[in-house]
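Please examine the structure shown below.

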Amino acid sequence: MSDFQRIRVLDSHTAGEPTRVILTGGPELGSGPLADRLRLFRERFDDLRRTVILEPRGSDVLVGALLCEPVDRTCTAGVIFFNNVGYLGMCGHGMIGVVATLAYLNRIQPGEQTLETPVGRVVTTLQADGRVSITNVPSYRLAKDITVPVEGHGDITGDVVWGGNWFYLVERHGEEISFANVERLTALCCAIRDALARSGVAGANGAEIDHIELFGPPATAAADSKNFVLCPGRAYDRSPCGTGTSAKLACLLSDGKLQPGQIWRQEGILGTIFEGQATMRNDQIIPTIIGRGYITAEATLLLDPADPFRHGIISGEPT
Ligand code: PYC
């Protein structure tokens, strides 16, 4: 057992969506910009991502967060987010989970912390009641009313929006946004994502649009809208999605449907709610999302060198 590799993690969930923070045993990525460290993670240490997230230790739903030294020492930490198929620029529910984790570890107290991500800085505030607000990277709509032919569904129209990840936001899709309908919603979102790729619709600099977000009426009077968000891969976000809500706020402000500072309550597929609002800074839309993370586990992952599945399982095979 002395040759077992050990990775210490802390698990939480935010509005139902899980986050697994690597505390020790992560890869050594140096001290360069976070975007360079993400590239290094992907190119040299992807087996660690699969080890932490995939079965038999994890599940496709998990989002991982690697805590690292910040480039700017006035920041509390750097964070690189990843999931079952790759890496994320930012992650709203994940950032709330990271703050809850740092608070659980007594590394932070209520108040403001700035964290670095590969796509920019995020200012977080831990409130005395445990809620966390995250002021996200500037968010914007790249293209409005883009129509693509979706296999089995006809033409679908949506907006291409940056909220820390690339999203395609769809209002008219003919589906009910309800938990009972998640199989159909997942299939539709996968078909939309395929159609976007086939049609050459992309984010800035040709970036893949890997998140699809569908909207419908809220199920509760406490919310303004309900969403379903397909994450990269085939897992859907159990929370209302922090970066997806940021993307929505960018569209609402751009269309004059929401004023700066006005509250928007986004319900997710489980009925949980993120409260959001956005302000303008130098012509940029800056969203703030509020939610709460709950700690669920503290664990040491063990990698037995003799275990053929130690780096996870994909399609029934060792990775
Ligand atoms: O909350 O931003 C988010 C997020 C992205 C993917 C899963 N959750």
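## A residue in a helix

Where is the place of Thr51? In this predicted model, Thr51 belongs to helix 2, which covers residues 46–53.

Thr51 has a relative accessible area of 1%. Because buried means under 20% relative accessible area, Thr51 is classed as buried. When neighbours within four places in sequence are set aside, the residues in contact with Thr51 are Ile7, Arg57, Leu303, Arg310 and His311.

## The largest pocket

Rolling a probe the size of a water molecule over the atoms shows where empty space is left. The largest pocket holds about 340 Å³ of space. Its lining is made up of 16 residues, and those nearest the centre are Arg42, Tyr87, Leu88, Gly89 and Val119.

Two elements, helix 1 (34–44) and strand 5 (87–88), each contribute at least two residues to this lining. Helix 1 provides the largest share, with four residues. By residue class, the lining of the largest pocket contains nine nonpolar, three polar and four charged residues.

## The second largest pocket

The volume of the second largest pocket is about 300 Å³. This pocket is lined by 14 residues, among which Arg141, Asp159, Glu171, Asp255 and Lys257 are the closest to its centre.

At least two lining residues of the second largest pocket come from each of strand 9 (140–150), strand 10 (154–162) and helix 5 (242–254).

Technical notes. Residues numbered from 1 in each chain as written. Predicted model: local features only at pLDDT ≥ 70, side-chain atom pairs only at ≥ 80, totals over all residues. Heavy atoms only, no water. Buried < 20%, exposed > 50% of the residue type's maximum accessible area, 1.4 Å probe, protein only. Contact = heavy atoms within 4.5 Å. 1 Å grid on protein atoms, 1.4 Å probe; cavity = no way out; pocket = protein on both sides within 12 Å on 5 of 7 lines; lining within 4 Å. Points joined across faces, edges and corners; volume = space filled by probe spheres on them. Nonpolar A, V, L, I, M, F, W, Y, C, P; charged D, E, K, R; others polar.
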